[in-house]
Amino acid sequence: MAAMAVERRGVSIALACRTFTVSETCYRYSAKLNDDSVQIADLLIGLTRAKRNWGFGLCFLYLRNVRGYHWNHKKIYHIYRELELNLRIVPRKRLKRDKPDILAVPKSHNMVWSMDFMADRLDDGRQLNVLDDFNREGLGIEVNFFASGACHPKPDQIIEWRGKPFSIRMDNGPEYVSGKLMEWAKKQGITLSHIQPGKPQQNAYI
């Protein structure tokens with residue numbers, strides 16, 4: 001406003017500065033681009049072009065520790081911002097994951113069972129749960145302090161009174177990929193349906 005008053009109204013600089021409470025030193029000041037700023041700008045542009053994934057921190061450390069320049073980090077960062085080099089790195093986009101397959105519901109009972117081991121945090125034990133996917137009926141829960149792939153008496157007991165399912169859905173735990181379980185399922189004529197690794201939602205019923 002002081003500059004406009006001097007230019008348009010023809011008042012003196014002293015009067016304009018007093019009117020708008022601006023010091024004459026501030027009014028007469030003009031920023032000068034010294035040789036250091038030009039050199040820093042050239043170095044930063046060259047670095048960011050050669051190292052596209054470098055931010056200000058790595059650029060500053062390279063100029064200070066590798067090239068041996070002793071410029072103040074505030075000065076370098078000011079020029080870094082003026083060149084808008086801080087806007088060149090685009091944030092990574094979230095990975096698009098494929099939608100999981102819809103968990104199909106059997107049309108009747110004894111078609112698909114779900115089975116899984118679960119830990120009990122209170123008693124420090126494990127339990128083997130078995131349910132029918134059709135009506136979410138809990139067919140059996142066997143609790144033990146230690147349960148492994150060799151522990152499968154409960155499904156045999158369930159089969160005695162409920163009949164055999166066509167398949168049993170389970171994860172890829174060591175107890176479910178054991179040879180003993182494979183032999184047991186082959187003798188019973190039951191298909192073992194293992195879910196994809198890393199996708200527990202495919203075994204959501206249990």
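**Entry 1: surface and burial.** I looked up the accessible surface of the chain and found about 14900 Å², of which 54% belongs to carbon and sulfur atoms. I note that the model is a predicted one. I then asked what share of the chain is buried. Of its 206 residues, 32% are buried.

**Entry 2: elements.** I listed the secondary structure and recorded 8 helices and 5 strands. Reading from the N terminus, I wrote down the order α-α-α-α-α-α-β-β-β-α-β-α-β.

**Entry 3: contacts along the chain.** I took the contacts with a separation of 6 or more and looked up how many join residues 24 or more positions apart. Such residues account for 53% of those contacts.

Entry 4: I turned to helix α5, which covers residues 56–66, and helix α6, which covers residues 73–82. Their axes lie 11 Å apart, and the two helices pack at an angle of about 130°. Angles over 145 degrees would count as roughly antiparallel, and those from 65 to 115 as roughly perpendicular; α5 and α6 are therefore oblique to each other. I also looked up the handedness of the crossing of α5 and α6, and I recorded it as right-handed.

**Entry 5: the residues between them.** Which residues make the contact of α5 with α6? On the α5 side I found F56, F60 and L63. From α6, the contact is made by H73, I76, Y77 and Y80.

Note on methods:
Residues are numbered from 1 along each chain as its sequence is written. This is a predicted model: local features need pLDDT of at least 70, side-chain atom pairs count only at pLDDT 80 or more; totals for chains, interfaces and linings use all residues. Side-chain values use heavy atoms; hydrogens and water are left out. Axes are lines fitted to C-alpha atoms, for helices over the stretch in contact, and angles run from 0 to 180 degrees between N-to-C directions. Helices (H or I, at least four residues) and strands (E, at least two) are DSSP runs, numbered from the N terminus. Angles under 35 degrees count as roughly parallel, over 145 as roughly antiparallel, 65 to 115 as roughly perpendicular and the rest as oblique. A crossing is left-handed if the near helix is turned anticlockwise from the far one by less than a right angle, and right-handed if clockwise. Contact means heavy atoms within 4.5 Å. Buried means under 20% relative accessible area, exposed over 50%, partly exposed in between (1.4 Å probe, protein chains only). Accessible areas come from the Shrake-Rupley method with a 1.4 Å probe; for residues, only the protein chains shown count as cover.
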